[in-house]
Amino acid sequence: MTNFYRFLPLLPVMGALLLGTGCTKRLAPLNPAAPAPTMSEPATVTLRDIVGQVLLEGETIVPPFARVGIKSPYHAPVSKVNTTLGAAVSQGDVLIELSLPSAEAYHEQTKLALQQAETDYALANKQFQADIDVARQQLNTARAAEKAATPEELPIASSARSDAEQVLLQTKLDKERALLPYRRQQEQVSQLNQQARAGEKQGYIRTPLTGTVTELNAQPGKEVGTDRTALVATVVDLSALQVQSAMTPQQSGFVKPKMEVVLTFKELPGSTFEGTVHRLTSRPNNKGLVALIEFKNTKAQVRPNMVPHVAVKTGQSAKNALCVPSAAVDINRAGLPVVQVMQSGKWAEVAVKVGITDDQFTEIKSGVSKGDTVLVTP
């Protein structure tokens, strides 16, 4: 069975594909940004060279572990600001120095700040644990589906179960990475509390993360900490930026973790960036899959919210391959690929074995012949 049958890594996606009337379900074009035909039209099966790739659009995001919002642990005037917007900083660097009125006030405020840091950590831990609970439920669903699958359905169900296991494992790892800045913030405030006990009157706000200052809200002589929820600085690790790309069910059948990716960005014409597919994850309410892509952010050129264009290399190629337009391939109720072929003046559904895709065309290994007429529908 070819990789195409892995187009449904998560069972809920398969359910969405198979709902509705009729025996087959139309797949969206591989490239969501490409204009789709407005009506059905015929196409001829041809021979062509094909290099496997999938084109995606997406957004540039900061993963939770790569951003830290820094709050002032005290209500006090700023004595000195040691950084600037856009500056590179290292974990532990003093960003802001505060002048405190008394050791007693310093001690009292650090106690409150420590309580807030502990609360922030608990809330973050709860949030990321919820993601793990969702991933675990998806795995349970996939295991149940695999157990109940017929021999024909078993390859798809087994693949869905395997992918769900990987999602759960990666979600656990992501939680640990995401909680690191919160742990460091706790450690920093705890250290400040110890300094206050020792009678020091100078307060230091340090960064718990190595990265770039993307927000700075402190000026010498101005008070900070009046609003304990307000951030005095934000630090982002630009080397850890990711691209998040939504996929159609057909695209998700070709895209796999560790595949090489070439990225370009609308705001950086002429520049290309290399990356890999980090993992696939489900979208909220199981509305399809998302590819998370890690890449080398050379010279920190890429910034959050830049618009990426993604080319995922499937690592496959074929010469003189029998091909049809990708939009001609349907999925029937059994989850198998089919095309509509003109036979004796009528359209007939024909099961096919598919190979690689270059986004516009899909290789057909068996089921049709060169010169056959197939139906391409929007």
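Let's start with Glu165, which lies in helix α3 (residues 154-197); helices (H or I, at least four residues) and strands (E, at least two) are DSSP runs numbered from the N terminus. You are looking at a predicted model, where local features need pLDDT of at least 70, side-chain atom pairs count only at pLDDT 80 or more, and totals for chains, interfaces and linings use all residues. Residues are numbered from 1 along each chain as its sequence is written, and side-chain values use heavy atoms, with hydrogens and water left out.

**Around Glu165**

Glu165 is partly exposed, with a relative accessible area of 28%; buried means under 20%, exposed over 50%, and partly exposed in between (1.4 Å probe, protein chains only). Not counting residues up to four places away in sequence, Glu165 touches Leu139 and Arg143, where contact means heavy atoms within 4.5 Å. The C-alpha atoms of Glu165 and Arg143 are separated by 9.5 Å.

Side chains of opposite charge can pair when their charged atoms come close. A salt bridge here is a side-chain nitrogen of Lys or Arg within 4 Å of a carboxyl oxygen of Asp or Glu, and by this rule the count comes to 7. Three of them are set out below.

| Salt bridge | N to O distance | Accessibility of the Arg |
|---|---|---|
| Arg143 and Glu165 | 3.7 Å | Arg143, 42% |
| Glu165 and Arg161 | 3.3 Å | Arg161, 21% |
| Arg136 and Asp133 | 3.6 Å | Arg136, 32% |

Arg143 lies in helix α2 and Glu165 in helix α3, so their pair ties together parts that are 22 residues apart in sequence. Glu165 and Arg161, by contrast, both lie in helix α3, 4 residues apart, about one turn of the helix. Salt bridges that share partners join Arg143, Glu146, Arg161 and Glu165 into one network. Arg136 and Asp133 are 3 residues apart in helix α2, so about one helical turn separates them. Asp133 is partly exposed, at 40% relative accessible area.

**The pocket**

Helices α2 and α3 come up again in the second largest pocket: together with β5 (67-71), α2 (103-148) and α3 each supply at least two residues of its lining. On a 1 Å grid over the protein atoms alone, a pocket is an open set of points where a 1.4 Å probe fits, with protein on both sides within 12 Å along at least five of seven lines, and lining residues have an atom within 4 Å of a point. Of the 22 residues that line this pocket, the closest to its centre are Gly69, Lys71, Asp120, Tyr182 and Gln185. Helix α2 gives the most to the lining, with 8 residues.

**The cores**

A nonpolar core is a set of buried Ala, Val, Leu, Ile, Met, Phe, Trp, Tyr and Cys residues joined through side-chain atoms within 4.5 Å. The largest one has 29 residues, and those with the most contacts inside it are Leu263, Phe265, Phe295, Val302, Val310 and Val312. Strand β16 gives the most to this core, with 4 residues. Leaving aside neighbours within four places in sequence, the contacts of Val312 include Gly52, Val54, Met259 and Val277. A second, separate core of 19 residues includes Val78, Leu100, Leu209 and Ala233.

**One more strand**

Finally, Gln340 lies in strand β19 (residues 337-343). Gln340 counts as buried, at 17% relative accessibility. Beyond its neighbours within four places in sequence, Gln340 is in contact with residues including Asp330, Trp347 and Thr373.
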